[in-house]
Amino acid sequence: MPIYEACVGDLEQAKKAAALGADRIELCADLAEGGITPSLGVIVLAKRVVKIPIHVIIRPRGGDFVYSADELQAMRIDILKCRELGVAGVVFGVLDRGNRIARPEMQELLAAARPMKVTFHMAFDEVAERREAIDILAGLGVERILTRGGAGSAPANLAALRELVEHAGERLIVMPGGGITRVNREQVAAATGAVELHGTRIVGAL
């Protein structure tokens, strides 16, 4: 049975997703921007009232994934606060101006995150050489990658997602997301071989 991660935009959605049977929460603010870091108060309350693992997105703004030194410092502070709170995991991604994995910046943030689990989010979909990116992220010790597998939604990219899952093998988890719902989640899992799936409606409407 795959693990179903519900992407939520506030505390009420987190509580509802847990009640509907989500296995894990990705906690965000402002889903219209693709998700940014939620407030400290929301993180604290979610950790207190939601009894399944919570992964907090660490993204200081919408837009691209090339960050300034100040933005990276803000991300590091948010990561350290999540670690202090005992959050299960954090979700972030940093690219360079060529839309490649920004290794030095990722290494610094990963060091701040441990022992929490780390997911590289859909910044992955901006990378041209995805197999190479998987190799780099696996080498850095990232636990999972969230991806649509290409343009559009995950259900439109099933073959590409299967290739990514197979390339990653046991090194890390490739987690399809984007357009996956309670209705199509089993089909996506079967077609891709993915053991974890992600979506705002993965366990139903929130």
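The model is predicted.

On the side of α2, the contact is made by Leu 40, Ile 43, Val 44 and Lys 47. Helix α3 contributes Lys 81, Cys 82 and Leu 85.

A second pair is formed by helix α5, residues 130-140, and helix α6, residues 158-168. The axes of α5 and α6 come within 10 Å and cross at roughly 35 degrees. The crossing of α5 and α6 is right-handed. Which residues make this contact? From α5 they are Arg 130, Arg 131, Ile 134 and Asp 135, and from α6 they are Glu 163, Leu 164, His 167 and Ala 168. The residues of the contact of α5 with α6 divide into three nonpolar, one polar and four charged.

Attention now moves to aromatic rings. The structure holds zero aromatic pairs. The ring of Tyr 4, however, has a charged group over it: the charged end of Arg 185 sits there, 4.0 Å from the centre of the ring.

Two features of the backbone complete this account. Most residues other than glycine have a negative phi, and most peptide bonds are trans. Asp 30 is not a glycine, yet it has a positive phi of about 55 degrees. Where is Asp 30 found? Asp 30 is in the loop between strand β2 (24-27) and helix α2. The peptide bond that joins Arg 114 and Pro 115 is cis, with an omega of about 15 degrees. Pro 115 belongs to the loop between helix α4 (103-113) and strand β5 (117-120).

Technical notes:
Residues are numbered from 1 along each chain as its sequence is written. This is a predicted model: local features need pLDDT of at least 70, side-chain atom pairs count only at pLDDT 80 or more; totals for chains, interfaces and linings use all residues. Side-chain values use heavy atoms; hydrogens and water are left out. Contact means heavy atoms within 4.5 Å. Helices (H or I, at least four residues) and strands (E, at least two) are DSSP runs, numbered from the N terminus. Axes are lines fitted to C-alpha atoms, for helices over the stretch in contact, and angles run from 0 to 180 degrees between N-to-C directions. A crossing is left-handed if the near helix is turned anticlockwise from the far one by less than a right angle, and right-handed if clockwise. Ala, Val, Leu, Ile, Met, Phe, Trp, Tyr, Cys and Pro count as nonpolar, Asp, Glu, Lys and Arg as charged, and the others, Gly among them, as polar. Rings of Phe, Tyr and Trp (its six-membered ring) pair if their centres lie within 6.5 Å; planes under 30 degrees apart count as stacked, over 60 as edge-to-face and the rest as tilted. A charge sits over a ring if NZ of Lys or CZ of Arg is within 6 Å of the ring centre and within 35 degrees of the ring normal.
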